[in-house]
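Student: I have a protein model to look at. Could we go through it together?
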Amino acid sequence: ERMAKINCGLEMELGITGGEEDGVNNEDANPEDLYSTPEEIFQVYDALSKVPNGFFTIAAAFGNVHGVYQPGNVKLEPTILDKAQKYISEKIGAEEGSKPVSFVFHGGSGSDIKDIREAVDYGVIKMNIDTDTQWSYWNGIRDFEAKYRDYLQTQIGNPDGKDKPNKKYYDPRACIRSAEDSTVKRMEQCFEDLRCVNVLGLGPPDTPKNVMGPRRGGLPS
């Protein structure tokens with residue numbers, strides 16, 4: 001009710017998301033806790049739907065796990081979301097095929113595209129991919145270091161000459177830009193996976209101009 005008064009949405013997490021995240025380890029969680037039931041989801045929907053001007057999403061558990069694991073270790077069951085939509089639609093008298101619940105997909109990193117698309121079909125409007133974005137950010141830094149390693153060992157002196165300065169290579173903004181570029185690519189993949197490309201009618205984004213490039217002393221692409 002407090003959130004509704006300031007037009008702030010509420011995300012309600014049910015059950016347990018397996019794996020480890022931010023120091024919370026659920027790797028040994030009871031398997032039954034990794035899967036929500038339609039009845040549990042309806043309890044939350046029923047209670048929050050009564051809040052005037054309320055907007056909420058439900059992060060139901062359907063086998064979700066934080067982190068990335070070997071194939072076969074995680075068993076997602078997106079059909080749980082479908083069953084919940086049908087159950088709740090019947091409870092509230094909604095038309096057949098309705099999707100009264102807006103779901104959130106926790107632990108989306110490393111998920112199979114089939115499971116992602118199926119979850120979206122069943123009402124998922126948001127997916128969390130923290131682990132994948134952490135990796136993409138780090139991978140950008142790693143690639144930058146590998147590409148310019150010989151320019152990052154000393155302040156002066158590199159393959160171009162013993163007296164050549166390396167400031168533009170070890171400037172932290174340079175490797176951070178590489179990390180950002182790598183993360184942008186991962187986000188673009190995510191938008192594609194979630195069918196969120198060109199859905200607002202705004203056209204492709206303009207090329208950003210407020211970044212370090214050769215003109216501003218940055219590195220050539």
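Student: Is Cys-196 buried, partly exposed or exposed?
Tutor: Cys-196 counts as partly exposed, because its relative accessibility is 41%. Buried means under 20% relative accessible area, exposed means over 50%, and partly exposed lies in between, with a 1.4 Å probe and protein chains only. This is a predicted model, in which local features need pLDDT of at least 70 and side-chain atom pairs count only at pLDDT 80 or more, while totals for chains, interfaces and linings use all residues. Residues are numbered from 1 along each chain as its sequence is written, and side-chain values use heavy atoms, with hydrogens and water left out.
Student: New topic: at what angle do H5 and H7 cross?
Tutor: Helix H5 (residues 130-147) and helix H7 (residues 172-193) cross at roughly 135°, and their axes come within 7 Å. H5 is therefore oblique to H7. Angles under 35 degrees count as roughly parallel, over 145 as roughly antiparallel, 65 to 115 as roughly perpendicular and the rest as oblique. Axes are lines fitted to C-alpha atoms, for helices over the stretch in contact, and angles run from 0 to 180 degrees between N-to-C directions.
Student: And how many helices and strands are in the protein?
Tutor: The protein has seven helices and nine strands. These are DSSP runs numbered from the N terminus: helices (H or I) have at least four residues and strands (E) at least two.
Student: What share of the residues is buried?
Tutor: Of the 221 residues, 37% count as buried.
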